[in-house]
Amino acid sequence: SNASFGKSLKNNGAIGSDKLENILRIYGDINPEWLLTGHGEMIKNQEIACCNKNSTGCVDDGIPLIPISAMAGALVGEQSIMDEECERFNVPSFKGADFMIPVKGDSMTPTYQSGDIVACKRVPMSDLFFQWNKVYVIDTNQGALIKRIKRGSTPERVMIFSDNTSYDPFELPISDIYAVALVIGMIRSE
C-alpha cells in the first residue's frame with residue numbers, strides 16, 4: 001500500500017522481500033535488477049513496453065497463451081511458466097488482455113467449454129475489487145480455476161459458482177486466492 005511504502009521511505013527503512021516478491025509476481029514486466037538496485041531499465045523489454053503503449057513503430061508481440069488449462073473445478077499441480085515458453089497471439093478485440101488460457105473441464109458449460117481459450121486481464125491483489133457475478137480465473141492451492149464470483153458471507157470470503165448446475169457453489173477465503181484475472185473474452189473453435 002502507499003502507506004506502507006511511505007512509512008519505509010520516510011524512515012529510510014527497508015521494504016520487505018515479501019512485498020518485492022508480490023510486486024514482481026503481479027507486474028511481471030518489471031526488471032528485478034532495477035527494482036532491487038535501481039540499475040538498468042525499469043521494464044524488462046523496452047520494445048514490449050513501447051508496444052503496450054501503442055506507440056508508432058512498434059511491433060506488438062501479442063498476448064501470451066499460458067500452456068496450462070484453467071481447470072474448471074479440478075486440481076492441478078504447482079507449475080511455473082516462463083514467458084518465453086508461451087505462444088503469443090494478436091487478437092485486436094482483446095486489447096488490454098494480459099494473457100490467454102485454455103479451459104479444461106465442464107463446470108462452466110454452457111458459457112465456456114473445454115478447449116475454449118479465455119483472454120484475461122490481471123486484477124492486482126493489493127487493490128482487489130470483484131465485479132460480482134463476473135467470470136474470473138483465480139489461482140488457488142487447487143490450481144487455476146475459471147469461475148463466477150459472488151459476494152461471500154463476510155467481506156473476507158467470496159462465493160465461487162459454476163455455470164453448470166451439476167457443480168455446487170462453495171465459499172472461499174480471499175486469503176486462499178494467490179492471483180486473480182477478469183475474463184474479458186473467449187475464442188471457441190468448432
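Biologist: What makes S4 and S5 a pair?

Modeller: Pairing needs at least two bridges. S4 and S5 have four, so they count as paired. One place to look is Pro102, which stands opposite Ile117 in S5.

Biologist: Why is S4 called largely enclosed?

Modeller: Buried means under 20% relative accessible area. Five of the six residues of S4 (residues 99–104) are buried, so the rest of the structure largely encloses this strand.

Biologist: What makes a set of residues the largest nonpolar core here?

Modeller: The members must be buried residues of the nonpolar kinds, joined through side-chain atoms within 4.5 Å. The largest such set has 15 residues. Those with the most contacts inside it are Ile101, Tyr112, Val118, Cys120, Val137, Ile146 and Val183. Two or more residues each come from S4, S5, strand S6 (134–140), strand S7 (143–151) and strand S10 (177–187). S4 gives the most, with three. A second, separate core has twelve residues, including Val123, Ile149, Val158 and Ile160.

Biologist: How much of the protein counts as buried?

Modeller: Of the 190 residues, 33% are buried.

Biologist: Which elements mark the ends of the confidence range?

Modeller: Helix H4 (residues 46–52) has the lowest mean pLDDT among the elements, 37. Strand S8 (residues 157–161) has the highest, 95. The scale runs from 0 to 100. The protein averages 77, and 77% of the residues score at least 70.

Biologist: Where does pLDDT stay under 50?

Modeller: One such stretch is residues 46–59, with eleven contacts beyond four places in sequence. Over residues 70–80 the pLDDT is also below 50, and that stretch has 29 contacts beyond near neighbours in sequence.

Biologist: What should I make of coordinates where pLDDT is low?

Modeller: Where pLDDT is low, the predicted coordinates should not be read in detail.

Conventions. Residues numbered from 1 in each chain as written. Predicted model: local features only at pLDDT ≥ 70, side-chain atom pairs only at ≥ 80, totals over all residues. Heavy atoms only, no water. Buried < 20%, exposed > 50% of the residue type's maximum accessible area, 1.4 Å probe, protein only. pLDDT = per-residue confidence, 0-100. Contact = heavy atoms within 4.5 Å.
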